[in-house]
Amino acid sequence: LVNVILDPLFIFGFEPILDSHGITGAAIATNIGLISQCLYLAYFFFSKENKEKLGTAKFSFRPSLLKAILLVAFPPALYTFLEFGAWAIYYDFMENLSSIHIAIAGVCQSVLIMLVFFGMGLQKGISAISGNLIGAKRAEEIPDLVHSGLKLIGLYGFITSFFIFLLQDQIFQLFLSDFMNDSPSSRSEEHTSELQSQFRISYA
């Protein structure tokens with residue numbers, strides 16, 4: 001929920017209170033969301049009620065339990081590691097090719113974030129609620145949860161597609177102008193024109 005709220009604020013800004021930060025804004029929002037999640041879980045984990053009923057304040061190292069946790073956590077951790085590694089290699093390739101390539105990659109990444117940030121936040125929410133339903137022995141409600149999620153993502157996709165279709169030039173010009181302001185090497189008129197033409201080719 002925190003991520004869904006903060007993503008558009010940090011990515012697109014809220015003038016004059018908050019400037020647009022693009023990809024950096026997405027990273028800031030994600031980290032704030034993760035920190036909030038950790039604080040929320042820690043608060044309930046170490047609450048007085050849980051300390052008394054569940055003994056959450058009593059720590060002990062149990063190799064068998066650690067192994068079980070790693071068996072569950074290792075695959076998604078490996079996936080995340082490979083994903084970030086692939087993005088790092090991709091951007092390194094783009095940077096080595098030319099400033100035009102890295103510019104197009106950055107702008108396209110910003111547009112991609114605009115399209116998927118709602119789904120990413122929704123996925124995290126559905127995962128958390130599904131876990132709670134499984135823990136509460138109410139797994140039969142999960143199909144209804146997924147159905148509701150599909151409705152929301154479909155509605156978001158329809159609204160986003162509608163505005164992109166009507167305002168595509170203004171939207172992409174916004175991303176390009178933000179990049180020009182942040183990139184001293186891209187400020188010449190000739191460079192700007194080339195970047196815009198190459199971006200339209202990539203988008204097409």
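1. Serine 130 touches Ile142 and Leu145, leaving aside residues up to four places away in sequence; a contact here means heavy atoms within 4.5 Å. Serine 130 is placed in helix H5 (residues 99-135). Its relative accessibility is 14%, so serine 130 counts as buried (buried is under 20% relative accessible area, exposed over 50%, partly exposed in between, with a 1.4 Å probe and protein chains only).

2. The model is predicted: local features need pLDDT of at least 70, side-chain atom pairs count only at pLDDT 80 or more, and totals for chains, interfaces and linings use all residues. Residues are numbered from 1 along each chain as its sequence is written, and side-chain values use heavy atoms, with hydrogens and water left out.

3. The protein has 7 helices and 0 strands (DSSP runs, numbered from the N terminus: helices are H or I with at least four residues, strands E with at least two). Of its 204 residues, 24% count as buried.

4. Side chains of opposite charge can pair when their charged atoms come close. The count of salt bridges is 2, the rule being a side-chain nitrogen of Lys or Arg within 4 Å of a carboxyl oxygen of Asp or Glu.

5. Glutamate 49 and lysine 53 form a salt bridge at 3.3 Å, N to O. Both residues lie in helix H3 (residues 48-54), 4 residues apart, about one turn of the helix. Glutamate 49 is partly exposed at 49% relative accessibility, whereas lysine 53 is exposed at 65%.

6. Arginine 138 and glutamate 141 also form a salt bridge, with the closest N and O atoms 2.9 Å apart. Glutamate 141 is partly exposed, at 31% relative accessible area; arginine 138 is partly exposed, at 38%.
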